[in-house]
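Have a look at the structure first, and then we can go through it together.

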Amino acid sequence: MDIEDDDIPPAFASPPCLMHELDPAYAGLSSDRTNNVDVRRWRKSERARLIAERLAMAPDHRAMCEAQIVNRILAEIGDMRGLVVSLYWPFRGEPDLRPLMRQISDQGGECALPVVVQKEQPLEFHLSRPGDKLTRGIWNIPVPATPHSCTPDIVIAPVVGFDASCYRLGYGGGYYDRTLAGMTAKRRVMGVGFAQARIRTIYPQNHDVRMDVVVTDSTTDGYSATR
């Protein structure tokens with residue numbers, strides 16, 4: 001839910017690619033101000049392209065991909081008993097993982113949803129069981145009506161884009177990055193998106209937090225990362 005309203009344009013608000021303005025060897029750790037500005041401009045354009053692409057998916061194809069994603073997440077996690085798994089409420093064409101919540105509960109795990117409590121601050125995670133009452137949070141995204149804060153064992157983070165190094169392109173608000181960077185308890189981070197969201201690189205910056213794995217509908221687009 002890394003969301004800033006001005007980073008979700010309805011159409012392409014900037015040139016479709018600014019790759020020519022970037023150093024090809026750029027690794028995301030440079031402090032060069034010009035490079036950082038170029039990366040931000042490129043990311044904004046790339047977000048628009050990737051969001052538009054997933055919103056345009058045919059319903060039948062989307063449903064098939066989402067079922068494959070759920071199956072791959074279940075296989076990736078394995079034994080659910082005693083685990084708290086944070087998911088998300090689908091937003092702007094993200095894979096819908098709500099069916100997974102019931103399966104986690106049935107297998108002895110607990111589910112949580114991320115909650116934005118304040119702009120530019122880390123997320124909180126609140127327990128949410130299938131059938132629990134929800135209320136509208138920031139950007140009208142449903143959140144648990146009764147707050148019950150928890151620390152997830154597994155954080156499932158939606159991606160707008162991702163690369164082979166398991167870096168995640170989000171919406172630009174930095175909520176997940178702040179949250180994950182500040183978590184002291186051991187946790188596993190799974191990025192989730194459609195296979196078409198794969199890009200060559202997101203040009204990671206110092207604040208970007210690498211996922212442990214990225215799960216998609218493809219059998220070849222999940223990338224284990226060494227932390």
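Are tryptophan 42 and tyrosine 203 buried or exposed? Both tryptophan 42 and tyrosine 203 are buried in this predicted model.

**Aromatic pairs**

Searching the whole structure turns up 3 aromatic pairs. A pair of aromatic rings is described by how far apart the centres are and by the angle of the planes. Two of the pairs are set out here.

| Pair | Centre to centre | Angle between planes | Geometry |
|---|---|---|---|
| Tryptophan 42 and tyrosine 203 | 5.5 Å | 80 degrees | edge-to-face |
| Phenylalanine 91 and tyrosine 171 | 5.8 Å | 80 degrees | edge-to-face |

Tryptophan 42 belongs to helix 1 (residues 33-55), while tyrosine 203 sits in the loop between strand 9 (188-192) and strand 10 (213-215), so this pair ties together parts that are 161 residues apart in sequence. The pair of phenylalanine 91 and tyrosine 171 also links distant parts of the chain, 80 residues apart. Phenylalanine 91 is found in the loop between strand 1 (84-86) and helix 3, and tyrosine 171 in the loop between strand 8 (168-169) and helix 4 (175-182). Both of these residues, phenylalanine 91 and tyrosine 171, are buried.

**The nonpolar cores**

The largest nonpolar core has 44 residues, and Ile73, Leu87, Leu97, Leu100 and Ile156 touch the most other members. Helix 2 (residues 59-77) gives the largest share of this core, 6 residues. Apart from it lies another core, of 15 residues, which includes Val39, Trp89, Phe91 and Tyr203.

Leucine 100 is part of helix 3 (residues 98-106) and is buried, with a relative accessible area of 0%. Beyond its neighbours within four places in sequence, leucine 100 is in contact with Val70, Ile73, Leu74, Leu87 and Ile156. Isoleucine 156, in turn, touches residues including Ile73, Leu87, Leu97, Leu100 and Met190, again not counting residues up to four places away in sequence.

**The whole chain**

The protein has 4 helices and 10 strands, running α-α-β-α-β-β-β-β-β-β-β-α-β-β from the N terminus on. Of its 227 residues, 52% count as buried. Among contacts between residues at least 6 apart in sequence, 72% join residues at least 24 apart. The protein exposes about 10,900 Å², with carbon and sulfur atoms supplying 49% of it.

Methods
Residues numbered from 1 in each chain as written. Predicted model: local features only at pLDDT ≥ 70, side-chain atom pairs only at ≥ 80, totals over all residues. Heavy atoms only, no water. Helix = DSSP H or I, 4+ residues; strand = E, 2+ residues; numbered from the N terminus. Buried < 20%, exposed > 50% of the residue type's maximum accessible area, 1.4 Å probe, protein only. Contact = heavy atoms within 4.5 Å. Core = buried A, V, L, I, M, F, W, Y, C linked by side-chain atoms within 4.5 Å. Areas by Shrake-Rupley, 256 points an atom, 1.4 Å probe, with all protein chains shown as cover. Phe/Tyr/Trp six-rings, centres within 6.5 Å; stacked < 30°, edge-to-face > 60°.
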